[in-house]
Structures are given as C-alpha cells and as structure tokens.
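Please take the sequence and the model below together.

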Amino acid sequence: MLPYTKEWKKAVTTPVFKKEVAGKVCNYRPISLTCVSSKIMERVIAQHIYNYLNRNNILHHAQHRFCKGRSTCTNLLDSVNYWTIPIQHKHSVTIAYVDFSKAFDCVSHNELFARLASYEIRGNLLQWLYEILVNVLTKPE
C-alpha cells in the first residue's frame with residue numbers, strides 16, 4: 001500500500017479573500033494547509049500520472065493548463081491563430097466562452113474514479129487517491 005497516515009488527512013483551513021466586498025462570505029475561498037509529507041506525495045503522484053497520461057497519448061492535444069511548455073497563454077495564442085485563419089478567408093467565426101471556475105466542485109467522484117480506472121490507473125494508487133480525495137472531503141477526523 002502507498003504511504004498514508006491519519007496526519008495526512010488533517011488540514012488547517014483558512015479563508016482567503018477573492019474579490020469585491022470583504023464582508024461577504026461568498027467572496028472568500030478556503031485554502032487547506034496540510035502536512036509537508038502529504039504535499040510532497042501529492043506532487044510525486046501527480047507527476048507520475050501526468051507522465052503516464054502523456055506517454056500513452058491520453059492527454060488531448062488541446063489541453064494546455066498543467067502541461068509542460070503549455071499554459072493559458074499558449075491556449076489563447078492557439079485560439080487567436082485558429083480564429084485568424086477563417087477570418088482571413090472571409091469566413092465567420094463563432095466563439096463560446098465557458099466558465100469552469102467552479103468545475104472541481106461539481107465533479108462526480110464516481111465518474112472521476114471510473115475514468116481513472118479506464119486509463120488503467122487502478123489498485124493501490126486508485127485507493128490512495130480515493131482516500132485523499134473522497135475520505136478527506138467527506139469524513140474528516
């Protein structure tokens with residue numbers, strides 16, 4: 001089994017101001033401070049999963065954020081390039097903007113873990129991710 005202790009589940013949650021009126025609770029976001037060991041393990045696992053997905057061509061070519069050498073800036077540059085070509089040929093371009101800022105809050109854990117399993121991420125690693133993501137969020141000690 002992957003290293004895991006009850007201490008890794010403990011976090012100090014601090015509200016951080018986002019925008020607008022400081023007196024409104026909805027203008028704050030929670031930041032959870034966890035132990036260093038947990039953070040290091042999360043980064044190691046995230047890097048291994050990223051390398052695995054990249055090596056097996058599972059990441060979509062349009063994915064920019066969290067990919068080496070790609071960012072929201074490179075995504076914008078690609079988009080402007082894609083929009084410019086049809087405009088130069090006197091074609092119209094329709095653009096739809098979607099705000100995914102709250103997407104993480106809406107992700108179904110069952111669907112997330114089913115997707116990970118479909119990518120051959122299983123066994124101890126999947127169990128560890130479940131313990132960290134689900135049990136920490138739903139059953140704090």
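Ser-71 sits in the loop between H1 and helix H2 (72-88); helices (H or I, at least four residues) and strands (E, at least two) are DSSP runs, numbered from the N terminus. This is a predicted model, in which local features need pLDDT of at least 70 and side-chain atom pairs count only at pLDDT 80 or more, while totals for chains, interfaces and linings use all residues. Residues are numbered from 1 along each chain as its sequence is written, and side-chain values use heavy atoms, with hydrogens and water left out.

With a relative accessible area of 26%, Ser-71 is partly exposed; buried means under 20%, exposed over 50%, and partly exposed in between (1.4 Å probe, protein chains only). A polar atom of the Ser-71 side chain lies 3.1 Å from the backbone nitrogen of Cys-73. From Ser-71 to Thr-84 the separation is 13 residues in sequence and 20 Å in space, C-alpha to C-alpha.

The loop between strand S1 (12-17) and strand S2 (28-33) holds Asn-27, and Glu-20 lies in the loop between S1 and S2 as well. Asn-27 counts as buried because its relative accessibility is 3%, whereas Glu-20, at 62%, counts as exposed. Leaving out residues up to four places away in sequence, Asn-27 touches Val-16, Phe-17, Lys-18, Lys-19, Glu-20 and Val-21, a contact being heavy atoms within 4.5 Å. A polar atom of the Asn-27 side chain is 3.5 Å from the backbone oxygen of Lys-19.

Most residues other than glycine have a negative phi. Glu-20 has a positive phi, near 60 degrees. Lys-90, in the loop between H2 and helix H3 (103-106), also has a positive phi near 60 degrees, and at 77% relative accessibility Lys-90 counts as exposed.

Ile-49 touches Ile-121, Leu-125 and Leu-129, not counting residues up to four places away in sequence.

Technical notes: Polar contact = N/O pair within 3.5 Å; in protein donor to acceptor, adjacent residues only side chain to side chain.
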